[in-house]
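Here are a few friendly notes to read alongside the model.

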Amino acid sequence: MESSHHVFTCVSSHREKMICRILLLIQLTSCVCGTFVVNVTQTSYQAEENHNITLEWTFTTNTDSSTNSLFIFCEMFTDHEIPTLFHVHEGVEVSESQDEQFAGRVQCDKDVLREGRIRLHVSRLRTEDSGLYVCKVNTKYGRDTGRCHLNVTAAADEPKPQRPTVSPQPESRGRIGLYVGLGLTAAAALLTVCAGLCSVFRLCLTKCAEKKGNVSAVV
């Protein structure tokens, strides 16, 4: 009897341990399933200066959650500073927290926040926008952080357009020849007129001299 009772006791204890393990496993599984996570759609972004880009994070949502309990803080980490580009406090965007570097250049799709999506549109990119972007999300049912890298390269210098060499057209050449011919003709005519005037002037001088000689002979 004692041995059978001992066996029953051992079996009962083993069952209790198994049940506890199963309950613990179920509890851990439910905890894992309900873990709050922040993810990035891309871990690395590449863009060119003066272009636009959209940075996106996703976070776990809850059916009972409200944007009133939503806190978001997105920053850029560099070797020298940590400027803020987006800040939400209790579901309301705090534009005053935005760093001067991003002022007027960051827009958020507020309609998708309820869906667990953070979409930040950054316009007119600068080379100093390169760095590590960290977005911290805090809700009443969890908190987490997502990270991504952005590299902005300098805009390539556009080659200056070369002016095409304009060669004179046949028609232009003909006009130039015509103008040169007319000029030479006008010059020749002018020389002819001048030569005629000189001949007339000499003839007049000769006649005047002859008249003076005749008058002297009569006297």
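1. What is the order of the six strands in the open sheet? The order is β2-β10-β9-β4-β5-β6, with mixed pairing; strands are DSSP runs of E, at least two residues, and helices runs of H or I, at least four, numbered from the N terminus, and two strands pair if DSSP finds at least two bridges between them. β2 (44-48) and β6 (92-93) stand at the edges with a single partner strand each, so one side of each lacks a neighbour in the sheet.

2. A word on the basis: this is a predicted model, where local features need pLDDT of at least 70, side-chain atom pairs count only at pLDDT 80 or more, and totals for chains, interfaces and linings use all residues. Residues are numbered from 1 along each chain as its sequence is written, and side-chain values use heavy atoms, leaving out hydrogens and water.

3. β9 (residues 131-139) and β10 (residues 142-153) pair in the antiparallel sense over nine bridges. Asn138 stands opposite Arg143 in β10.

4. Phe86 belongs to strand β5 (residues 84-89) and is buried at 3% relative accessibility (buried: under 20% relative accessible area; exposed: over 50%; partly exposed: in between; 1.4 Å probe, protein chains only). Beyond its neighbours within four places in sequence, Phe86 has contacts (heavy atoms within 4.5 Å) including Ile72, Cys108 and Leu120.

5. Phe36, Phe59 and Tyr141 form one aromatic cluster (ring centres within 6.5 Å; planes under 30 degrees apart are stacked, over 60 edge-to-face, the rest tilted; for Trp, the six-membered ring is used). Phe36 is buried at 7%, while Tyr141 is partly exposed at 24%. The rings of Phe36 and Tyr141 lie 5.6 Å apart at their centres with planes at 75 degrees, so this pair is edge-to-face.
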